[in-house]
Amino acid sequence: MPVLDLKNVSAAYGRIQILHEVSLHVNEKEVVCIIGPNGAGKSTTFKVIMGFIDYLGGDMVFNNQNLVGSRPDQILGLGLGYVPQGRIVFNQMSVRENLEIGAFLQRDKQLIRESMQYVFSLFPRLEERQKQLAGTMSGGEQQMLAMGRALMIRPTMMMLDEPSLGLSPRFTDEIFEKILDLAKTGMTIMLVEQNAARALEIADRGYVLELGKNRYEGTGKELLDNQNVRRMYLGG
Ligand SMILES: Nc1ncnc2c1ncn2[C@@H]1O[C@H](COP(=O)(O)OP(=O)(O)OP(=O)(O)O)[C@@H](O)[C@H]1O
Ligand SMILES: [Mg+2]
């Protein structure tokens with residue numbers, strides 16, 4: 001049984017249909033990556049899973065729970081963490097305050113402290129800089145903060161949208177290391193990445209989306225070895 005299972009999911013913004021019967025699944029403790037050109041519907045796939053946009057049809061199940069018709073906060077409450085594209089942090093708030101906001105579903109102060117310790121154990125830099133304003137952190141640090149904030153709900157699965165976008169090679173390396181660290185803890189991960197070769201190297205499986213449709217799928221290695229995928233997405 002997959003942890004996350006999408007079958008023939010279609011979605012639109014207003015009247016413009018973007019996803020056309022997209023199917024994908026993620027098994028427990030897998031790292032699955034989604035690649036594809038700009039505008040392919042990768043971020044839209046995450047948004048429809050999280051309940052941010054209306055869907056037109058299809059099935060979406062997470063941990064045996066039907067996601068269709070649920071609100072984003074209910075979906076987070078099921079243990080599905082989400083880090084949107086673009087390193088969105090609250091610039092005028094400290095690192096610590098940003099993390100506290102991530103725990104908005106949790107009322108128990110002790111559990112919030114424990115979650116914060118858990119995040120600090122994964123990202124020691126956030127602990128060192130907990131009083132710093134988020135807006136003054138480097139891009140890579142902000143990405144870590146965005147991931148840390150999503151981890152405050154103690155999810156069993158994380159969806160990461162373009163975690164390395166716009167980062168220097170050094171920070172890209174660091175973010176990929178963090179994703180691997182997270183995977184080693186047993187976290188189920190689905191990520192979207194423009195750094196396709198890099199993502200496929202660490203992924204168990206991957207999907208290629210194009211024009212809002214499934215195009216290719218396979219193990220990370222199969223996709224890396226696929227001539228068409230290489231030519232179109234991996235620079236030959
Ligand atoms: N809020 C919105 N309203 C209307 N159209 C949108 C909206 N957000 C995205 N779109 C359109 O949906 C399509 C898919 O966008 P999406 O952001 O899912 O692509 P993507 O694969 O994540 O691309 P990228 O690699 O550029 O992040 C695009 O044509 C985009 O213009
Ligand atoms: Mg996107």
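**Ligand shell, sheet and helix packing**

Helix H1 lies across S1, S2 and strand S4 (55–62), and its direction makes an angle of about 75 degrees with S2. The model is predicted. H1 also gives the most to the shell around ligand 1, with three residues.

**Shell around ligand 1**

- Strand S2 (16–26) and helix H1 (42–49) each supply at least two residues of this shell.
- The residues around ligand 1 include Tyr13, Ile16 and Ile18, together with Gly36, Asn38, Gly39, Ala40 and Gly41.
- Lys42, Ser43, Thr44 and Gln85 are also among the residues around ligand 1.
- By class, the shell around ligand 1 comprises four nonpolar, seven polar and one charged residue.

**Sheet**

- Four strands form an open sheet in the order S2-S1-S4-S5, with antiparallel pairing.
- S2 and strand S5 (65–66) are the edge strands, each pairing on one side only.
- Strand S1 (residues 4–13) and S2 run antiparallel and are joined by seven bridges.
- Leucine 4 has valine 26, in S2, as its bridge partner.

**Packing of H6 and H7**

- Helix H6 (residues 139–151) packs with helix H7 (residues 169–184) at an angle of about 20 degrees, and their axes are 9 Å apart.
- Because angles under 35 degrees count as roughly parallel, H6 and H7 are roughly parallel to each other.
- The crossing of H6 past H7 is right-handed.
- On the H6 side, Gly139, Gly140, Gln143, Met144 and Met147 meet Phe171, Glu174, Ile175 and Lys178 of H7.
- The contact of H6 with H7 has four nonpolar, three polar and two charged residues.

Key. Residues are numbered from 1 along each chain as its sequence is written. Chains are lettered from A and ligands numbered from 1 in the order in which they are written. This is a predicted model: local features need pLDDT of at least 70, side-chain atom pairs count only at pLDDT 80 or more; totals for chains, interfaces and linings use all residues. A residue is near a molecule or strand if its C-beta atom, placed from the backbone, lies within 6 Å of it. Ala, Val, Leu, Ile, Met, Phe, Trp, Tyr, Cys and Pro count as nonpolar, Asp, Glu, Lys and Arg as charged, and the others, Gly among them, as polar. Two strands pair if DSSP finds at least two bridges between them. Two residues are in contact if their C-beta atoms, placed from the backbone, lie within 7 Å. Axes are lines fitted to C-alpha atoms, for helices over the stretch in contact, and angles run from 0 to 180 degrees between N-to-C directions. Angles under 35 degrees count as roughly parallel, over 145 as roughly antiparallel, 65 to 115 as roughly perpendicular and the rest as oblique. A crossing is left-handed if the near helix is turned anticlockwise from the far one by less than a right angle, and right-handed if clockwise.
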